[in-house]
Amino acid sequence: MVEKVLLRLEGVQTHIGRYHILHGVDLVVPEGELTVLLGRNGAGKTTTLRTIMGLWRASAGRIVFDGADITRMATPDIARLGIAYVPEAMGIFTGLSVRENLVLATATGRFDAALLDGVFALFPVLKVKWNDAAGGLSGGQKQMLAISRAMVERRRLMIVDEPTKGLAPAVIEHLIGGFRTLKESRTTVLLVEQNFHMARSLGDGVAVMDDGRVVHAGGMVELAGDEALQGRLLGLSLAAHQ
Amino acid sequence: MKARRDVTAWVLLPVVALAMLPLMSFSTWVTLTIAGAAMGMMLFLMASGLTLVFGLMDVMNFAHGAFITLGAYLAVSVLGRMAGWGGSESLWLNLAALGVAVTVGAVVTGAVGAVFERMIVRRVYGSHLQQILITMGGLIVAGQLVVVVWGAQPLQVAKPALLRGSFLVGGAAIESYRLVAVALGLVVFGVAHAVLNRTRIGLLVRAGVENREMVEALGFRIERLFVGVFVAGAALAGVGGVMWGGYQEIVTATIGDEMTVLIFIVIIIGGLGSVTGCFQAAVLVGLTTNYVGYLTPKLALGSNIALMVLVLLWRPRGLFPVAKP
Amino acid sequence: MRRLISGDRPGHPLADLLMLALLVGLAFAPFLFPGTKSMAAASRICIFIVLAASYDILLGYTGIVSFAHTMFFAIGAYAVAIPLAQGGPSWGAIVGGELAGAAIAAVLAGLIALLSLRVQKIFFSMITLAVASLAGIVAAQWRDVTGGEDGLTFSLPAALGPGFRMVQEPFLGVRFDGRLVTYYLIFGVCLVLFGLMLRIVNSPFGRVLMAIRENEFRAEALGYRTVIYRTIASAQAAAIAAVAGGLMAILLRYNGPQSTLSFEIMVDILLMVVIGGMGTLYGPALGATVIVLAQYYLQPGLQAASDAVTGWPVLPQLFHPDRWLLWLGVLFILIVYFLPAGIIGTLRRRVR
């Protein structure tokens with residue numbers, strides 16, 4: 001089967017104010033796979049995700065989603081193509097209830113019963129807290145809610161920024177379970193992750209960023225098996241990082 | 001913890017009201033409390049749009065007072081033409097005259113608000129400095145245009161006859177117009193509350209006040225929502241202006257500017273972006289103004305500024321702060 | 001000359017020329033434009049140049065919008081007017097009043113800034129608006145001291161009075177009387193204050209202010225206590241505004257809420273700074289000149305326009321001489337949109 005590219009970035013540059021953050025990012029996200037974006041802090045991972053979503057404007061280059069150029073599109077229109085975005089801060093509306101947070105993520109304001117049951121099966125705690133203010137959830141529960149938001153509606157691409165940041169290992173295992181379920185449903189995912197354990201157990205493909213560019217792209221299996229490559233790209237041995 | 005804090009904010013109003021009781025006779029207290037509530041309701045009408053517009057788009061409109069002025073002048077024009085109904089013996093026709101004025105005020109001010117958003121506000125999203133400057137410019141021009149249309153002389157509002165008087169309840173004099181204002185304010189608050197909490201648009205507004213970017217990332221065009229809120233806020237300010245003009249009976253070109261300071265105090269005390277906070281703060285300011293105005297008339301506005309400082313020292317983001325990421 | 005202006009030239013040949021013309025025009029105003037009306041206009045221009053430039057230190061160099069600047073202007077005016085009205089004319093009252101006004105204004109501005117700059121900048125604007133309206137009420141109601149709405153009328157030391165003659169014979173058609181002395185007193189003090197402000201904004205302190213304006217987080221990260229810097233800038237601007245207010249009281253031999261405290265004056269200051277160009281000091285000087293001249297001379301022009309359209313609907317009202325503020329407001333909006341750097345700022349950019 002020929003692999004189909006769902007999202008492609010070609011030479012994308014982004015300026016924030018006077019600062020030049022992205023210096024020409026080339027990235028390919030194949031359909032149905034989970035692609036992990038790795039790199040040091042400040043390498044430009046979050047900026048890449050925000051540029052895809054149109055939250056920052058690319059000053060040069062092209063972003064193509066499913067054959068359509070979305071470089072100049074407004075954020076809501078990009079989202080309506082079927083792209084879900086989970087920012088690093090999760091973007092939970094703390095003053096709204098769990099239900100209201102999820103309702104906002106549906107296109108019509110009505111839940112698809114099957115999808116909602118899937119969410120509850122994966123994260124039963126959300127059913128318990130259904131009518132509580134989301135601000136009262138724990139960090140892990142908020143992350144579950146944020147990811148569920150991308151699951152109550154069928155999405156073509158999920159963009160997730162460092163979901164494990166600040167979470168306890170047990171909660172991370174739970175999240176990995178959630179992503180596995182997503183992968184089984186053949187949802188395409190672009191995941192920024194610093195936790196290599198999570199990255200390796202989920203990733204099909206991997207791209208490594210440094211200084212506003214993608215410096216390596218390939219299969220996760222190859223990178224995970226090549227300590228020298230890891231050392232060169234990430235300045236550390238990933239094996240030691242489990 | 002969170003719940004307890006909110007209780008403190010909610011009991012503030014009754015506590016303030018009851019604390020004043022020993023300082024005056026009961027009938028005076030009833031009169032002042034109703035007067036304060038009426039003023040508070042009108043302040044709420046005028047301020048609610050401004051606080052939501054800021055919460056949603058981080059836009060502070062210093063020309064909001066122009067909508068109030070416009071509303072007050074519309075009260076002059078509409079009630080002047082409806083002297084037949086307003087002067088009749090029928091309470092219903094009197095109320096209908098006021099109702100027409102309120103409707104015209106809402107529609108015209110809302111339309112002007114739409115134009116104002118398009119021409120003035122839309123270009124200055126994101127920059128507070130430019131917002132303040134451009135809306136100040138808008139305020140100057142709007143104030144002058146009002147004079148061009150209605151003249152520089154103070155004008156009399158033909159308040160419907162049966163809403164002029166007051167009646168006695170157990171020794172307390174109650175102005176009927178104030179009761180109408182309280183009723184209207186409660187209805188508007190009820191409707192606003194219902195829209196915000198029970199409709200999808202309201203849900204989007206609440207979500208947008210908290211995190212605009214995320215609402216966009218979920219696929220909603222927040223600009224359209226914002227225009228709607230801006231127009232609704234202008235219309236409400238117009239309604240507040242109609243009511244305030246009728247209350248004051250004399251309308252000048254600066255009637256709205258004079259209210260702007262009080263409105264700022266209200267939305268700062270309430271917490272920028274919070275409609276519930278705006279309602280509470282408006283009534284609090286209305287009550288304080290009337291109590292202090294009775295006890296030591298010279299300190300009326302000063303007392304509101306003192307109130308604002310006290311609230312800010314207690315809660316730097318107002319009584320009902322809106323969560324922001 | 002370079003040292004006088006702290007090496008900060010207007011920055012464009014046309015701007016240089018305009019400023020030089022303004023300086024010469026004001027320095028020789030009594031000789032170039034004799035007459036009571038033009039003398040009063042020239043004095044007002046001097047005072048408003050200082051007032052607008054001091055506001056520019058806040059608006060242009062720190063990016064904060066205060067609506068309480070007229071309050072400091074009024075504090076200075078009352079500080080001079082009250083002792084003169086109560087104790088009779090004396091130089092001590094004038095000098096003491098100016099100094100006391102500046103000190104009170106600086107302390108008050110510092111307090112307001114410390115209290116409200118910790119919150120969002122937009123809060124600061126709203127709070128200063130409230131404080132300014134409170135000041136208006138205090139001035140109107142504290143009748144025993146401020147004279148209430150009527151204000152205070154007083155006389156000045158003999159040397160500043162119209163009866164005073166320095167030289168008996170007129171020179172170049174100009175009488176060397178107390179009015180001339182008053183004008184040059186105002187001109188001199190304003191010149192010194194303007195030089196002082198150029199010095200402030202070109203000092204290391206001024207550069208930190210600008211760094212804060214450009215990027216508050218960065219400045220904070222570099223270790224600058226932004227609140228302290230802004231508070232000091234607020235206090236300096238307030239003190240200078242207060243001195244200008246004292247001069248206004250001397251010019252008018254009167255002070256009241258309408259002459260120094262009204263919201264209209266605050267609007268005028270905003271117009272001056274923005275039209276001329278924020279963050280240049282020369283811009284507000286030009287803006288002040290334009291606005292004061294407009295107040296004095298635009299009204300007759302509008303009268304002519306109004307007469308020309310008599311009989312048309314609405315138009316005569318739009319061009320009514322009292323509607324000059326309408327046109328300035330429109331100009332203001334256009335400038336904020338299309339020339340956000342103002343006249344001087346735009347000229348400067350062309351050079352660089």
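**Note on the predicted three-chain model**

1. In chain A, Ile83(A) and Tyr85(A) point one way from strand 6 (residues 83-86), whereas Ala84(A) and Val86(A) point the other way, and all are buried. A residue counts as buried if 20 or more other C-beta atoms, placed from the backbone, lie within 10 Å of its own; 12 or fewer make it exposed, and values in between partly exposed. Strands (E, at least two residues) and helices (H or I, at least four) are DSSP runs numbered from the N terminus. In a regular strand, side chains alternate between the two faces of the sheet.

2. This is a predicted model, in which local features need pLDDT of at least 70, side-chain atom pairs count only at pLDDT 80 or more, and totals for chains, interfaces and linings use all residues. Residues are numbered from 1 along each chain as its sequence is written, while chains are lettered from A and ligands numbered from 1 in the order in which they are written.

3. Strand 6 of chain A pairs in the parallel sense with strand 7 (residues 157-161) of chain A over four bridges; pairing requires at least two DSSP bridges between the strands. Within strand 7 of chain A, Met158(A) is the bridge partner of Ala84(A).

4. Chain A has a mean pLDDT (the predictor's confidence in each residue, from 0 to 100) of 87, and 96% of its residues reach 70 or more. Over residues 237-242 of chain A the pLDDT is below 50, yet this stretch has eleven contacts in the model beyond near neighbours in sequence. A contact requires C-beta atoms, placed from the backbone, within 7 Å. Where pLDDT is low, the predicted coordinates should not be read in detail.

5. Two pairs of chains touch, and chains B and C have the most contacts. Chains A and C do not touch, their nearest C-alpha atoms being 10 Å apart.

6. The secondary structure of chain C comprises 17 helices and two strands. Its radius of gyration, taken over C-alpha atoms, is 21 Å, close to the 20 Å that the globule rule gives for 352 residues, so chain C is as compact as a globular protein of that length. The globule rule is 2.2 Å times the number of residues to the power 0.38. The C-alpha trace of chain C spans about 65 × 55 × 45 Å along its principal axes. Buried residues make up 48% of the 352 residues in chain C. Of the contacts in chain C with a separation of 6 or more, 74% join residues 24 or more positions apart.
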